[in-house]
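Have a look at it first, and then follow along with my entries.

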Amino acid sequence: MRLTRVHVENGDLAPGREVVLPEGPATHLARVLRHEVGDACVLFNGDGRDYHGVVSAIGKREVRVAIESAQDVARESPLRLVLLQGVARGEKMDLILQKATELGASAFHPLWSQRSEVKLDAARADKRLAHWRSVVASACEQSGRASVPEVAAPLALAAALAALPADGLRLILDPDGELGFATLQVDAAAPVLLAIGPEGGWSPLDREQLRAAGFHGLRLGPRILRTETAGLAAIAALQARFGDLA
């Protein structure tokens, strides 16, 4: 029987401790999944370990879990994939983050570019960021990952490029790109940074900025893919060749 996994953000987890679950996970465990006292579950906080425990108390306002043991989890890909994703509308963005997490992406950098169709003020951007991080954490619960990919605050393209690490292979998908997937070489010690445009695609100015920042065009078939397809297809292909989708 598969155990329920619960993400406890910033939780101080260790065997022998009793943890009070945050309101969201507590409600899901007790009200949705109908767990009872004595039922087993797994907690994780993103440190790469699963903490096995049992529900020790269920009250009107809280659920407690007694942690019994800890286990290192080895489900992270040897390929460090960083997705720079043009912010997409609503459920499309959720889908991208969810499935890319399941496929093993290690970090996300949402960004706005010239043709972005989504515009958010500061307050709405903060709410969306919290929501995106929740989507990624939930995808880790489902997929068995114990390390939670970082989701950076959304930035304009130029600022997002300036914030990137100095090393790594930088790629954008381009049917006419100079790099072919069959002959692509990846250094396992450095990240692969993959930039995907929004629904409207990259503008000529966007492409100039990406090229100036060291991004190379990668051919991944002759067709132009939608924003919610492109990154996932590329991540799956890269993982199959260089990562752990064997």
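Here is what I looked up, entry by entry.

**Ground rules.** I am working with a predicted model, where local features need pLDDT of at least 70, side-chain atom pairs count only at pLDDT 80 or more, and totals for chains, interfaces and linings use all residues. Residues are numbered from 1 along each chain as its sequence is written, and side-chain values use heavy atoms, with hydrogens and water left out.

I looked up helix H2 (residues 90-102) and helix H3 (residues 122-143), which pack at an angle of about 40° with their axes 8 Å apart. Helices here are DSSP runs (H or I, at least four residues) and strands likewise (E, at least two), numbered from the N terminus. The axes are lines fitted to C-alpha atoms over the stretch in contact, and angles run from 0 to 180 degrees between N-to-C directions.

I then listed who meets whom, with contact meaning heavy atoms within 4.5 Å. On the H2 side I found Met93 and Leu97 among them, and on the H3 side the residues include Trp132 and Val136. The residues of this contact divide into seven nonpolar, six polar and three charged.

**Helix H6.** Which residues of H6 are buried? I noted Ala230, Leu232, Ile235 and Leu238 among them; buried means under 20% relative accessible area, exposed over 50%, and partly exposed in between (1.4 Å probe, protein chains only). What covers the buried residues of H6 includes H2 again, along with strands E6 (81-86), E10 (169-173) and E12 (192-196).

**Salt bridges.** I counted 10 salt bridges, each one a side-chain nitrogen of Lys or Arg within 4 Å of a carboxyl oxygen of Asp or Glu.

- Arginine 17 pairs with aspartate 12, and their closest N and O atoms are 2.7 Å apart. Arginine 17 is partly exposed at 38%, whereas aspartate 12 is exposed at 55%.
- Arginine 211 pairs with glutamate 178, with the closest N and O atoms 2.8 Å apart. This pair links distant parts of the chain, 33 residues apart: arginine 211 lies in helix H5 (residues 204-212), and glutamate 178 in the loop between E10 and strand E11 (179-180). Arginine 211 is partly exposed at 36%, and glutamate 178 is partly exposed at 43%.

Conventions:
Ala, Val, Leu, Ile, Met, Phe, Trp, Tyr, Cys and Pro count as nonpolar, Asp, Glu, Lys and Arg as charged, and the others, Gly among them, as polar.
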